[in-house]
Amino acid sequence: MMPEAVLREFDVVVIGAGAVGENVADRVVQGGLTAVVVEAELVGGECSYWACMPSKALLRPGTALHGAQTLPGAKEAVTRTLDAAAVLKFRDYMTSNWQDDGQVKWLEDTGIELIRGHAWLTAPKSVEVTGLDGNSYQLQARHAVVLATGSAPNTPPIEGLQDVQVWSTREATSAKEVPDRLVVLGGGVAGTELAQAFARLGSTVTLVARSGLLRSFPAEAAGLVAAGLRADGVELRLHTVTDSISENDDGTFSLQLGDGTSVAADKVLVATGRHPALEGLGLESVGFEPDEAGHLTLTADNSGLVEGAWGEEPWLYAVGDAAGKNLYTHQGKYEARATGDAIAARAKGELAGVAQDWSRFAQTANEHAVPGVVFTDPELAAVGRTLETAQKDGYNASSVELPIQVSGSSLHSENYEGWAQLVIDEDRRVLLGATFAGPDVAELLHAATIAVVGEVPLDRLWHAVPSYPTISEVWLRLLEKYGL
Ligand SMILES: Cc1cc2nc3c(=O)[nH]c(=O)nc-3n(C[C@H](O)[C@H](O)[C@H](O)COP(=O)(O)OP(=O)(O)OC[C@H]3O[C@@H](n4cnc5c(N)ncnc54)[C@H](O)[C@@H]3O)c2cc1C
Ligand SMILES: NC(=O)c1ccc[n+]([C@@H]2O[C@H](COP(=O)([O-])OP(=O)(O)OC[C@H]3O[C@@H](n4cnc5c(N)ncnc54)[C@H](O)[C@@H]3O)[C@@H](O)[C@H]2O)c1
């Protein structure tokens, strides 16, 4: 017999304790409300244990080693290759060995209650939980329920894929051994980063992508990353579809490609995008139906409020990967701060109706200034609109671009190769976006984010003097080329 449900009431119920769920709960508690987060796996979510942190821990030692190898004086001192076992150990350390005690303690110290288990909606503001402690919980939210359930990997329609055991990014980022031959399917951010990480750890890597590499970025910038991967021995099979996959008796894999060739692998990583994790959440009980293909989608406004949920007043919110706007930890946490503050303000009667753009309750930067870094070597860092997206969005946009060739870059490494672009709104003479590609350009990005968010006029930007000799001097060169 099922034990009777434990009834609990909170101001806010958050489903999912990834980085985003943690942050939204933090903000509502700072705002004077009570909050519970329900987590089915590890507190900290995908980013801490299977995504950002382990993938960057696998990449960073290779980048540091390569950096030293490109500098006279240092390269003579570096005589060995990457120590794969030590890199995996560093990755284990950066994921706290997949233990979440530290993050649980943070929840306790912050005054957020944690229930471990699987949660789903049963009615407006009502959530049921099958607890990992054997209890069942009936949670009632006085003000809001927040979906912070993250995303799940897409499965591409490849014959035989359903019948074989391939790696998702989870198995890749938590791998205990380095496979001899790895095939990566997908030329997006995850596929590109992990292809380079494993190539540098010693795998023979083939990356198969049905289109180009890193297609959402300017071609010149993506081209530098492609050259970096090729230099590490990654075979890039771009504009190539994968027709079928099968597992051989010895546990290896054979993939048939659309160009008639085949490729063999010891492991296959599928990294072909992700979708919001909204299945099994009881959304049907509050007014949502899957489409003909069986997919559930939600539309959330600029405060994260989900449109169309049953109920007398606004109560259902979606943030982070679950909202499906921008699948980045930093952007999800930004959404969480706005949503948490909006929930607290609405509960106190301090916010009515739609949140005003650029107020603390609105996720306005989602429309204008989403920064992202591809942590390959060389890096690719971009914020805001590309020339293509700016023109598509109706801006009278122009661009200025240059190879990165300044004193800072020639000091950085021998034969430094980089590329930078600014996208300009000609009507207002402000930046709409920026892209940098090259070794160690990630730290250049925040200056661009500030310029885009602040809509700093170019004539004023001219007075932002980059220090000599830094790679940031490329800003000055770009503005000079633009005509200032
Ligand atoms: C390989 C890889 C590398 C990445 N690297 C970066 C990077 O370098 N920088 C960056 O900004 N982004 C990166 N990302 C993206 C980043 O990981 C996500 O944007 C981020 O994790 C989203 O956070 P979230 O809290 O929305 O979701 P998640 O971290 O997925 O958290 C959701 C949580 O909800 C829980 N949950 C789901 N359903 C239920 C339920 N019904 N009941 C209870 N609990 C539930 C899950 O167990 C999970 O813990 C990477 C992604 C991948 C795949
Ligand atoms: N450094 C970072 O911030 C970082 C790193 C990794 C992942 N992420 C985030 O995680 C999300 C998921 O990463 P991702 O690389 O899986 O997604 P992605 O959207 O970046 O790339 C998906 C790739 O898969 C390909 N693809 C899609 N469907 C396919 C099909 N049916 N057959 C073959 N190829 C197909 C696409 O053409 C694309 O190249 C991204 O949105 C990204 O924001 C961020």
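A polar contact is a pair of N or O atoms within 3.5 Å. The model discussed here is predicted, and its two ligand sites are described in turn below.

Under that criterion, a backbone N or O atom of Ala119 is placed 2.9 Å from a nitrogen atom of ligand 1. The protein covers 90% of the 1,000 Å² of accessible area that ligand 1 has on its own. Lys56 approaches through its side chain, an N or O atom of which is 2.7 Å from an oxygen atom of ligand 1. Ala40 contributes a polar backbone atom, 3.2 Å from a nitrogen atom of the ligand. In total, 33 residues lie around ligand 1, and the nearest are Glu39, Lys56, Ala119, Asp321 and Thr329. The elements that each supply at least two residues of this shell include strand S2 (35-39), helix H3 (52-69), strand S3 (113-123) and helix H9 (329-347). By class, the shell consists of 15 nonpolar, twelve polar and six charged residues.

Backbone N or O atoms approach oxygen atoms of ligand 2 at Leu327, at 2.8 Å, and at Val189, at 3.2 Å. Arg210 instead places a polar side-chain atom 3.3 Å from a nitrogen atom of ligand 2. Of the 830 Å² of accessible area that ligand 2 has on its own, the protein covers 74%.

Notes: Residues are numbered from 1 along each chain as its sequence is written. Chains are lettered from A and ligands numbered from 1 in the order in which they are written. This is a predicted model: local features need pLDDT of at least 70, side-chain atom pairs count only at pLDDT 80 or more; totals for chains, interfaces and linings use all residues. Side-chain values use heavy atoms; hydrogens and water are left out. A polar contact is a pair of N or O atoms within 3.5 Å; within protein, one must be able to donate a hydrogen and the other to accept it, and residues adjacent in sequence count only if both atoms are side-chain atoms. Accessible areas come from the Shrake-Rupley method with a 1.4 Å probe; for residues, only the protein chains shown count as cover. A residue is near a molecule or strand if one of its heavy atoms lies within 4 Å of it. Helices (H or I, at least four residues) and strands (E, at least two) are DSSP runs, numbered from the N terminus. Ala, Val, Leu, Ile, Met, Phe, Trp, Tyr, Cys and Pro count as nonpolar, Asp, Glu, Lys and Arg as charged, and the others, Gly among them, as polar.
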